[in-house]
Number of protein chains: 2
Amino acid sequence: MTQGAGTRWSDASGVPEPPWRRAPRSAGRAPLTREAIVEAALRVIDADGMDGLSMRRVGEELGTGAASLYWHVRNKEQLLQLVFERVIEEMQLPEPDPARWREQLSDLADQMRAILTSHRDVARLSLGRIPSGPMLAVVNEWLFTLLKPVGIPDNVIAYLGDVFSLYVGGFAFEESLGTASFTGGDLSPEQFFTMLKDYVMSLPAELFPHTQRVVDALFGGGPDERFAFGIDLMLRGLATYASDPEG
Amino acid sequence: MTQGAGTRWSDASGVPEPPWRRAPRSAGRAPLTREAIVEAALRVIDADGMDGLSMRRVGEELGTGAASLYWHVRNKEQLLQLVFERVIEEMQLPEPDPARWREQLSDLADQMRAILTSHRDVARLSLGRIPSGPMLAVVNEWLFTLLKPVGIPDNVIAYLGDVFSLYVGGFAFEESLGTASFTGGDLSPEQFFTMLKDYVMSLPAELFPHTQRVVDALFGGGPDERFAFGIDLMLRGLATYASDPEG
DNA sequence: GTCCTTGTCGAACGTTGTTCGATCAGGTCG
DNA sequence: CGACCTGATCGAACAACGTTCGACAAGGAC
């Protein structure tokens, strides 16, 4: 197989087109914007989870490579922050009604958890992050108009958002992890919990009377029930700050 | 350069010693045990944080390579679980005194937080993990002997450990992150918070009256204060379950 | 001496985040 | 029109990562 002078070397995989025949690099796809990248990243997360999210995978989702993303986004960390804020924007606040403050707070927590878990394990982004967009001020103002009439002190409301989002985010995070990492192993949640239960029951009875008595409640109970308990605990605590618990 | 039968081929980088002259591979260092590996990993975390923790780095800490660890540990995930359990074992429970249940619970939370933050950002291991060792049963039994005399229902105590450890672990986790990831950027926490404060104050005043009024409380307040508030909130909620709030 | 088990370890594989330099498209100015 | 610049794209490469493989060593059992 001889080649004339001036022709390009071809490797075994195929002969490249000459430059003037090559299609433009971004032919037939949507323009690369920051929003499109965030949306693509979220699509990858929904499909493959956070572990499946790589810059190359996001690029592939957009019909390009990883390097092209770095013009619009500083690094992966910033992309994650943008994805987080994009998810938080899905929240929808009802008209605040102080007479039903408990119910509305509980509903908000449920909604937040639902949004986080609906995007696989996106909840692990929520810890240590603050939405730097308008959502922060909006939610905070909503909390004040809801709880101020109930008589809850300012500084309590000011701190409340943190504690609530920490609990909800943390819970959704744990929920998304499953039990995969518990023993570095390959057990199903049921197997793991019965193993743990058996272990607890095998301990000396005189040392752990209470624990063994309630072992079913300890490891039983669905995530919904456990989540609701934590919210209820905090709402009860919040009510003790109220001068007018009924609004 | 001829080689006799049975000698090893040498590559360009250097001629190997003959086998009978080579020192034993694990000469002059402590034997490689699972405990030693966990301890070395913890040393690496204390020095370089979780991001600096790689299998190669742990191996180096022990005077060997990464591959040698895999005989004693299934994978990195399992090593992390072992490190987590090792850290949890640092907890020390006082004699439970139901008359001082609030104080003792608060102290326990403080201690837990102190242990987690004392090992850099080891707190990020705590989320989604359950200590599979004896500590789980010990802490649970401690909670029951402390809170049962106060009249708190069984199922409340059973769920309490989860909620508390979630809050403490989540808080310590956020604390360890600093504000590095907030904007994918390079701002100090102070710069970031004043930036956020300025942004909130620049919003239309008629839309965010409360938020702008308490903006200092929102972004101010040290971590100790915020942590204590969350604990206090949960303790107040817990007290509402008690039939005998004073023990 | 031969076999087997318990460890040890260098080299390699595939994947990751990120950077560099070349290149292209489109607009602006002389 | 051509020269120049700027915004954007992308292939190739780099260093680091977790993990696997196969070769090898030491020590006990028969």
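For the entry on the rotation axis I take the copies as superposed by least squares on the C-alpha atoms of residues with pLDDT of at least 70 in both, and I keep in mind throughout that this is a predicted model.

**Symmetry.** I looked up how the two copies are related, and found that a rotation of 180°, with 0.0 Å of shift along its axis, superposes chain A on chain B at an RMSD of 0.0 Å. The two copies are thus related as by a two-fold rotation axis. I then asked which residue of chain A comes closest to that axis; this is Gly237(A), whose C-alpha lies at 1.8 Å from the axis. I also noted that the same surface serves both copies, since 100% of the contact residues of chain A recur in chain B.

**Helix pair.** Next I examined helix H6 (residues 154-177) and helix H10 (residues 223-239) of chain A, which pack at an angle of about 165° with their axes 11 Å apart. Because angles over 145 degrees count as roughly antiparallel, I recorded H6(A) as roughly antiparallel to H10(A). The crossing in which H6(A) passes H10(A) is right-handed. On the side of H6(A), I listed Val163(A), Phe164(A), Tyr167(A), Phe171(A) and Glu175(A) as making the contact, while H10(A) contributes Pro223(A), Phe227(A), Gly230(A) and Met234(A).

Definitions and conventions: Residues are numbered from 1 along each chain as its sequence is written. Chains are lettered from A and ligands numbered from 1 in the order in which they are written. This is a predicted model: local features need pLDDT of at least 70, side-chain atom pairs count only at pLDDT 80 or more; totals for chains, interfaces and linings use all residues. Two residues are in contact if their C-beta atoms, placed from the backbone, lie within 7 Å. Axes are lines fitted to C-alpha atoms, for helices over the stretch in contact, and angles run from 0 to 180 degrees between N-to-C directions. Helices (H or I, at least four residues) and strands (E, at least two) are DSSP runs, numbered from the N terminus. Angles under 35 degrees count as roughly parallel, over 145 as roughly antiparallel, 65 to 115 as roughly perpendicular and the rest as oblique. A crossing is left-handed if the near helix is turned anticlockwise from the far one by less than a right angle, and right-handed if clockwise.
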